[in-house]
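Student: I am new to this structure and would be grateful for a close look at a single part of it, the place where the two chains meet. Please then connect that part to the rest of the model.

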Amino acid sequence: MTDEPLASGDFPKYPYLPESMKYITRYLARLDLGHMDDRSVEEELGIGYAELRGLIGGRLISAIRDGISKVDDRYSSQMYDAVSMASFIISSIVVRASNDPYIISRFSLAEGRRSERFLLDELENNSMAGRQVAVYVFQGASGCSLTMDLELTVPCYLRLAPQYLAGWKLVNRSLSNGYVKVLEHEVGHIFREAVAKKIRGIIEGMPQPTLDPSLKGLIGDILKYKPKPPAVITRPERYPPCINVALKKLKDGENLPHSARFMLATYLLRVGLSEDEVASIFVTAPDYNERVTRYQVQQISGRKAGREGYLVPSCRKLLTEGLCYRDESCGTITSPLQYGGHTGGRTSASGPKPDSPKEAQP
Amino acid sequence: MSVNQREFLQSAFRWYYFNRQAEIKIPTRFREREFGFRDFDGNMKRHISIAEERELTALIIQTIPRSIYSSSSYYRFPAAPMDQKGWIEGDLIFDLDLKEVNARCKVKHDFWICDDCKLVGRLPPPLTCSRCGSKRISKVEWICDECLGKIKGQTVSLIQMLHDDFGIRHDELSAYFSGNHGYHISVSSTLYSSLSSRERTEIVDYIRLNGFTGSGQRAPSSALAIKVDPSVSMDVHRIFRLPGSLHDKSGLSKKECDEQLSGDPFDSAVALREDPVKIRITYAPQIRLKGQVFGPYKDESKTIPTYAAVYLMLKGLAVVEAT
């Protein structure tokens, strides 16, 4: 395998990699994002500013509205490379300027989905060269080596694999000599999340930019597609700090880890919210998918299947997961359900028999 | 514990720490580790750091602790309070103990004892003593060749799994007899050292088969649950008994073993002196130490070697009469 298997045509597919960034800065070095004009854009990229702005707007709106970035591909290949890369960089800067956690996470994930498609193409064409590119790009995005046989070391697998599905749990995987075998679509899934994390890091690390008013206007355009949080939480002061912190983060559009979503869903179901109400609070999650969310809430609730449903994690468990924000109002409670003097329900660390959800309502 | 008893036990430990200093294994990267001592009154002192190897030996000799621990993790400031220590990374550790292994022989040899009137009975323990009404009832766990064999078998299987499934090299793994009823495994691998508590829990789940659906890609050959203590492996701030130190419930030493765990730990880990001592024994099932069988005993005085007397005293079954 060569050290640098990427050709310049690959850069727009993976624009967040260092070599891609280096490539595009050649084109963008002379552009002043505070004062955009046709002449300088034309000189650098071969298209007018209005056209470039249209491309950036399209990329951003598709990302926020549809959850996957779309890039116009009507340009000749070399021009496409530069234009596509420029639209990525400038879109990222606009997203940074929005200073909105939902927009930042949603855009990062949408770019991850876009890039995932290219990676899967490389894997599916079954050529050695394609696989080399995939392996190289995977490492660039995730910091973890993927072998040509699509294996990850156990520590890398644990760091990157989604935690919430039984099939991904290490206990259900085949391990050999420190490696875990992953399937092509699983590589895509892991890669998407890793790219999203990488882009989020790039955007969050940018200084607050000064933008040309026409670019600034794009922020308003994309914010229109940001979902509004539902009004199902009426008395947050009756919830413990762990729940309120997670609700606030979710409302702000932060990408909550699965453990925090699980805590919210189990807690809100136990205090009496309906499955629909609980599912609706996740609408502000950057990776929200209505069908998947409803399914997961139903699984957690167990009501449809006539099961008891999952238990609320204990305070101890939440502490180990970094989700506990205990303050003096918590007193000596061992379960979020006991907050405010309630007897509480059974938690995952076991305990007394559960009260009915209505009784346990804070 | 009365002053006499405590002084006797402490003098037995003192003899070991004075005369067998070379047995204490100062861990690698000791400057980055937290040390902890528990004294004979049960007080725990943590957040101790050392700059030189001899500093640890000096501290041990000065204080003669009942238990000595060192962290499996490395810190920037090991003496600082927990939230300011600056965690760098940590060894992977596993604790296999009789408590976790459901050996069938337990019903034959485990028992309860009333802490007040010393009445003894078979498990399960009553809520109150039938003779004196005390609620201070202790369960006493015993060990026999059958359950030792079972815990050994589980430990050897874990070692094999760590090599075959996790790719741990032989030079990265150390196995120890815990000094009481089990084995400790410590893995110093740069690949695994930075794992978070959550990631370590996934490894524990793999070993214990927690969440195993049976429909995944796992090879059936590795589908046997090994009962490691989950709280030990997932806690990155745990302090763990120092190799070569004495166990507070037996007086035996935590002793390094080969990967086959060959030999009898109740021979090789006997560390205290042989000098005879007269003790009063409430009750004790048979135990073999250093190849010699002691007991069973019931309400009798016996003169036996110090190591055997200390073993029974630390189990709460005997008191020293005269030295």
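Tutor: The part to examine is the contact between the two chains, which takes 25 residues from chain B and 21 residues from chain A. Please keep in mind throughout that this is a predicted model. Together, chain B and chain A bury about 1,900 Å², and carbon and sulfur atoms account for 54% of that area.

One of the partners to look for is A:Lys169, which forms a salt bridge with B:Asp205, with 2.9 Å between the closest N and O atoms. Across this interface of chain B and chain A, 8 residue pairs are in polar contact, both residues of each pair being at pLDDT 80 or more.

On the side of chain B that touches chain A, the elements giving two or more residues are α4 (145–164) and α5 (197–208) of chain B. Of these, α5(B) provides the largest share, 6 residues. Sorted by class, that side of chain B comprises 9 nonpolar, 9 polar and 7 charged residues.

The domain assignment divides chain B into domain 1 (3–100 + 145–268) and domain 2 (273–323). The centres of these two domains of chain B, taken over C-alpha atoms, are separated by 27 Å. Their contact draws on 20 residues from domain 1 of chain B and 14 residues from domain 2 of chain B. The area buried between domain 1 of chain B and domain 2 of chain B is about 1,600 Å², with 61% of it on carbon and sulfur atoms. In domain 1 of chain B, the residues that lose the most area to domain 2 of chain B are B:Gln5, B:Phe8 and B:Phe266, which together make up 36% of what that side buries.

Charged and polar pairings are found here too. There are 2 salt bridges between domain 1 of chain B and domain 2 of chain B. In a salt bridge of 3.2 Å, N to O, the side chain of B:Arg288 meets that of B:Asp145. The count of residue pairs in polar contact across the interface of domain 1 of chain B and domain 2 of chain B is 6, both residues being at pLDDT 80 or more. Two elements of chain B, α1 (3–19) and α7 (265–268), are those that give two or more residues to the side of domain 1 that touches domain 2. The largest share of that side, 7 residues, comes from α1(B).

Helix α8 (residues 306–314) of chain B is mostly covered, for 9 of its 9 residues are buried. Among them are B:Tyr307, B:Val310, B:Leu312 and B:Met313. Just after α8(B), B:Gly316 adopts a positive phi of about 80°.

Chain A has a domain contact of its own. The assignment for chain A gives domain 1 (8–141 + 192–223) and domain 2 (236–338). Their C-alpha centres lie 34 Å apart. In this case 8 residues from domain 1 of chain A and 9 residues from domain 2 of chain A take part in the contact. About 600 Å² is buried between domain 1 of chain A and domain 2 of chain A, 54% of it given by carbon and sulfur atoms. Of the area that domain 1 of chain A buries against domain 2 of chain A, 57% is supplied by A:Pro101, A:Tyr102 and A:Arg106, more than by any other three residues. Across this interface of domain 1 of chain A and domain 2 of chain A there are 0 salt bridges, while 2 residue pairs are in polar contact, both at pLDDT 80 or more. Helix α5 (residues 101–124) of chain A gives the most to the side of domain 1 that touches domain 2, with 6 residues.

Finally, A:Ser69 is located in the loop between α3 (49–66) and α4 (77–98) of chain A. A:Ser69 is buried, because its relative accessible area is 5% and buried means under 20%. Its side chain is joined to that of A:Glu111 by a polar contact of 2.8 Å.

Technical notes. Residues numbered from 1 in each chain as written. Chains lettered and ligands numbered in written order. Predicted model: local features only at pLDDT ≥ 70, side-chain atom pairs only at ≥ 80, totals over all residues. Heavy atoms only, no water. Domains from an automatic or database assignment. Contact = heavy atoms within 4.5 Å. Buried area = accessible area lost by both parts, 1.4 Å probe. Salt bridge = Lys/Arg side-chain N within 4 Å of Asp/Glu carboxyl O. Polar contact = N/O pair within 3.5 Å; in protein donor to acceptor, adjacent residues only side chain to side chain. Helix = DSSP H or I, 4+ residues; strand = E, 2+ residues; numbered from the N terminus. Nonpolar A, V, L, I, M, F, W, Y, C, P; charged D, E, K, R; others polar. Buried < 20%, exposed > 50% of the residue type's maximum accessible area, 1.4 Å probe, protein only.
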